[in-house]
Amino acid sequence: MDEATTILFVTSNQGKITEAKEVLRPYGINVESYVPNPEIDEIQSADLVEVAADKLMKAVSNSTLSSSIFGVMVEDAGFFLDEYEGFPGVYSAYVHKTLGISGVLRSLKGIENRNASFRCVIGIHIEGENFFFEGACKGIVSDKIRGVNGFGYDPLFIPNEGDGRTFAEMKLEEKAIFSHRAKALEAFRSFLDEWKQSPTSNHGNGS
Ligand code: IMP
């Protein structure tokens, strides 16, 4: 594989790494995990892009970039419930840690509106510039916890584009067909195709 297309993904979430590898591998992009020590503090903001932008700035200044690293990538994602005007959204990690998915499920007991979505923003630093890509996946909240795959809220989420299974009941490659993360990564990948061909880029031939 071309060394120039190795991307450092700054996250300690193994699930996110595995998904990014799965989506980008077919395009010859290698994803490596990088966990700064101490880990990067996330700012609290109502905007996923703002969180990703801050994370990216900190990640770039924390990483020692070798010539074999093509880019540095961060991601911020959240689980948005329509009934609660998007909550937990940017607070998803905290709610997951405190209430857990069983608590979220309990909070929806008897509530008719079970529409939800995952949203994700990927920030990538390439050749001194920062680029952001977004992806969203709409679905509904299952009436019980189902499946053992994936991570986070996956056992609760039934994507509209799927066949009725939760993300946690799908294989990784199935989730990667329509997940919020896959969509953001696909947007990055098509940007990359154009960017590599642009006259100002010196990565067109993998040099
Ligand atoms: P963060 O992007 O790591 O801050 O994620 C916020 C919260 O959303 C964490 O609790 C994650 O576990 C959860 N989350 C992010 N992406 C996914 C996903 O693809 N599936 C399930 N939960 C997710």
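The backbone of Ala-77 places a polar atom 2.8 Å from an oxygen atom of the ligand, a polar contact being a pair of N or O atoms within 3.5 Å; within protein, one atom must be able to donate a hydrogen and the other to accept it, and residues adjacent in sequence count only if both atoms are side-chain atoms. The model is predicted, with pLDDT of at least 70 needed for local features and 80 or more for side-chain atom pairs, while totals for chains, interfaces and linings use all residues. Residues are numbered from 1 along each chain as its sequence is written, and side-chain values use heavy atoms, without hydrogens or water.

| Residue | Protein atom | Ligand atom | Distance |
|---|---|---|---|
| Ala-77 | polar backbone atom | oxygen | 2.8 Å |
| Asp-154 | polar side-chain atom | nitrogen | 2.6 Å |
| Glu-42 | side-chain N or O atom | oxygen | 3.5 Å |

On its own the ligand has 480 Å² of accessible area, and the protein covers 90% of it (Shrake-Rupley method, 1.4 Å probe; for residues, only the protein chains shown count as cover). The ligand sits in the largest pocket. A pocket is an open set of points on a 1 Å grid over the protein atoms alone, where a 1.4 Å probe fits, with protein on both sides within 12 Å along at least five of seven lines; a molecule sits in it if more than half of its atoms lie within 2 Å of its grid points.

The shell around the ligand holds 15 residues, and the closest are Lys-16, Ala-77, Asp-154, Lys-175 and Arg-181; a residue is near if one of its heavy atoms lies within 4 Å. By class, the shell has six charged, five nonpolar and four polar residues, with Asp, Glu, Lys and Arg counted as charged, Ala, Val, Leu, Ile, Met, Phe, Trp, Tyr, Cys and Pro as nonpolar, and the others, Gly among them, as polar. Helix α3 gives the largest share, three residues.

The chain has six helices and seven strands, taken as DSSP runs numbered from the N terminus (helices H or I, at least four residues; strands E, at least two). Their order from the N terminus is β-α-β-α-β-β-α-α-β-β-β-α-α. The radius of gyration is 18 Å, close to the 17 Å of the globule rule for 207 residues, so the chain is as compact as a globular protein of that length (C-alpha atoms; 2.2 Å times the number of residues to the power 0.38).

Two peptide bonds are cis: Asn-37 to Pro-38, with omega about 0°, and Phe-87 to Pro-88, with omega about 10°. Pro-38 lies in the loop between β2 (30–34) and α2 (48–62), whereas Pro-88 is in strand β4 (residues 88–89).

Key: 1 Å grid on protein atoms, 1.4 Å probe; cavity = no way out; pocket = protein on both sides within 12 Å on 5 of 7 lines; lining within 4 Å.
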